[in-house]
Amino acid sequence: MTLTDMHVKLRQAAPADLPTVLDLLTRTELHTASVDLGAGTYWIADLDGVPGGCIGLEHGQGVSLIRSTAVVPEARSQGLGRALVRSALTHASLRGDRTVFLFSSEAGDYWTRFGFVPSSAAEIAQALPDVPQVRSGLSKGWIDEELVWRLDLPQVTEVTQR
């Protein structure tokens, strides 16, 4: 499968898309336990009308958490993940977020390409205590075992009309 030969559409997920997101995460061996489409903003990448990737952004006050970033194996290394990440980062910036966090113990090299730097479980727990993935990590005790990453976003300034 080559993405250049396909119609690729990034769309915001609706509540009815939960089974699609869960299927994409399961197919890519990612955790599904705390996925809640109502707790943030999720996107699905459709490849010729077939879901091929997804990403989620859970929101706090001036800060968000990227989660559930998945691309099906046959569509990897073609820029689809990068497009999903850029969409999430653009959305975070437009909503006025100062910082975006994520958990990733296995893909740190990938996230550093976007400017993410190591952070701590304490920092993410303080910044985003009420988002589903952080609540799950705190209640189930896995949060201290995960690597936490953060990206400080450039601030968008308001443009005034004259």
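The largest pocket of this predicted model is lined by 37 residues, of which Leu30, Thr69, Ser104, Ala107 and Trp111 lie nearest its centre. A pocket is here an open set of points on a 1 Å grid over the protein atoms alone, where a 1.4 Å probe fits, with protein on both sides within 12 Å along at least five of seven lines; lining residues have an atom within 4 Å of a point. The space in this pocket amounts to about 1200 Å³, a volume being the space filled by probe spheres set on the points, with grid points joined across faces, edges and corners. At least two lining residues are supplied by each of β4, α2 (80-94), β5 (99-103), α3 (108-112) and α5 (132-140), and β4 provides the largest share, 6 residues. Helices (H or I, at least four residues) and strands (E, at least two) are DSSP runs numbered from the N terminus. By residue class, the lining comprises 15 nonpolar, 13 polar and 9 charged residues; Ala, Val, Leu, Ile, Met, Phe, Trp, Tyr, Cys and Pro count as nonpolar, Asp, Glu, Lys and Arg as charged, and the others, Gly among them, as polar.

Residues are numbered from 1 along each chain as its sequence is written. As the model is predicted, local features need pLDDT of at least 70 and side-chain atom pairs count only at pLDDT 80 or more, whereas totals for chains, interfaces and linings use all residues; side-chain values use heavy atoms, with hydrogens and water left out.

Trp111 also takes part in aromatic pairing. Rings of Phe, Tyr and Trp (its six-membered ring) pair if their centres lie within 6.5 Å, with planes under 30 degrees apart counted as stacked, over 60 as edge-to-face and the rest as tilted. This rule gives 5 aromatic pairs. The ring centres of tyrosine 110 and tryptophan 111 are 5.2 Å apart and their planes stand at 85°, so this pair is edge-to-face. Tryptophan 111 and phenylalanine 116 likewise form an edge-to-face pair, because their ring centres are 5.5 Å apart and their planes lie at 80°. Ring pairs join Tyr110, Trp111, Phe114 and Phe116 into a cluster. Tyrosine 110 is partly exposed, at 24% relative accessibility, while tryptophan 111 is buried at 6%, as is phenylalanine 116. Buried denotes under 20% relative accessible area, exposed over 50%, and partly exposed the range in between (1.4 Å probe, protein chains only).

In α5, the buried residues are Pro132, Gln133, Val134, Ser136 and Gly137. These pack against β3, β4, β5 and α4 (121-127), contact meaning heavy atoms within 4.5 Å. Just after α5, glycine 141 has a positive phi of about 80°.

Helix α1 (residues 18-27) contains the buried residues Val21, Leu24 and Leu25. Viewed down the axis of α1, its buried residues fall within an arc of 95°, so they line one face of the helix; the arc is that of the directions from the helix axis to the C-beta atoms. Pro19 and Thr26, on the other side of α1, are exposed. The buried residues of α1 pack against β2 (40-47), β3 (50-59) and β4 (63-71).

Within strand β4 lies valine 63, which is buried with a relative accessible area of 5%. Apart from neighbours within four places in sequence, valine 63 contacts Glu58, Arg95, Asp97, Thr99, Phe101, Ala127 and Leu128.
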